[in-house]
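Morning, everyone. Please have the sequence and the model open, and follow along as I go.

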Amino acid sequence: MEHKSFLFDTKGFELELCEIVIASGDKDEPRLLIQYIVNNIGKIRSPYTGEFLDEDWEDELELGSVQELADFALTKFYSPEEEFGLSYSWDSLLEALKQLPTTINPEYWVLGHPVESEKFRLDPGGM
């Protein structure tokens with residue numbers, strides 16, 4: 001699996017979208033995410049093409065699931081075109097970091113912190 005990383009507006013996400021994603025995931029109910037995307041047309045991109053969404057954005061949906069809609073909504077806080085990941089070397093780097101005598105959690109620094117609740121875990125890109 002290829003590692004991808006983006007400059008992400010974590011504060012903006014936490015203030016605007018995190019609770020919506022968790023609430024939608026907990027109930028497996030996409031309406032709040034759909035409304036968020038509609039309210040932010042022109043600021044949200046397609047995770048598939050990188051283009052800003054227009055009125056016909058729903059034509060791009062494959063399943064319309066909470067996970068997929070969250071992928072769309074997340075693009076308000078990063079640009080899918082500006083990727084800075086570790087590609088296929090991330091797993092080797094993670095294993096090497098685990099061998100170091102340090103107090104850091106290598107998985108946090110390489111993979112990040114999950115957005116989750118007791119009932120739901122956000123899985124960007126379905127990976």
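One term to begin: a residue counts as buried when its relative accessible area is under 20%, and as exposed when that value is over 50%. Anything in between is partly exposed. Also keep in mind that this is a predicted model.

Start with helix α5, which covers residues 90-99. Which residues of α5 are buried? They are W90, L94 and L97. Now look down the axis of α5. The buried residues fall within an arc of 65°, so they line one face of the helix. Here is the background. An α-helix has 3.6 residues a turn, so residues three or four places apart point the same way. Turn to the face of α5 that points away from the buried side. There you find the exposed residues S92 and Q99.

K98 pairs with E95, and their closest N and O atoms are 3.7 Å apart. The two residues sit three apart in helix α5, so about one helical turn separates them.

How many salt bridges does a search of the whole structure find? Four. Take the one between the side chains of K76 and E16, at 2.7 Å from N to O. K76 lies in the loop between α4 (66-74) and α5, while E16 belongs to helix α1, residues 10-16. The pair therefore ties together parts that are 60 residues apart in sequence. K76 has 23% relative accessibility, so it counts as partly exposed. E16, at 36%, is partly exposed as well.

Another bridge joins R121 and E116, with the closest N and O atoms 3.4 Å apart. E116 is partly exposed, with 41% relative accessibility.

Last topic: helix packing. Two packed helices are described by the angle between their axes and the distance between the axes. Our pair is α2, residues 18-27, and α3, residues 31-39. They pack at an angle of about 145°, and their axes are 8 Å apart. Which residues of α2 and α3 meet? From α2 come I20, V21, A23 and S24. From α3 come L32, L33 and Y36. By class, that contact has six nonpolar residues, one polar and no charged ones.

Key
Residues are numbered from 1 along each chain as its sequence is written. This is a predicted model: local features need pLDDT of at least 70, side-chain atom pairs count only at pLDDT 80 or more; totals for chains, interfaces and linings use all residues. Side-chain values use heavy atoms; hydrogens and water are left out. Axes are lines fitted to C-alpha atoms, for helices over the stretch in contact, and angles run from 0 to 180 degrees between N-to-C directions. Helices (H or I, at least four residues) and strands (E, at least two) are DSSP runs, numbered from the N terminus. Contact means heavy atoms within 4.5 Å. Ala, Val, Leu, Ile, Met, Phe, Trp, Tyr, Cys and Pro count as nonpolar, Asp, Glu, Lys and Arg as charged, and the others, Gly among them, as polar. Buried means under 20% relative accessible area, exposed over 50%, partly exposed in between (1.4 Å probe, protein chains only). The arc is that of the directions from the helix axis to the C-beta atoms.
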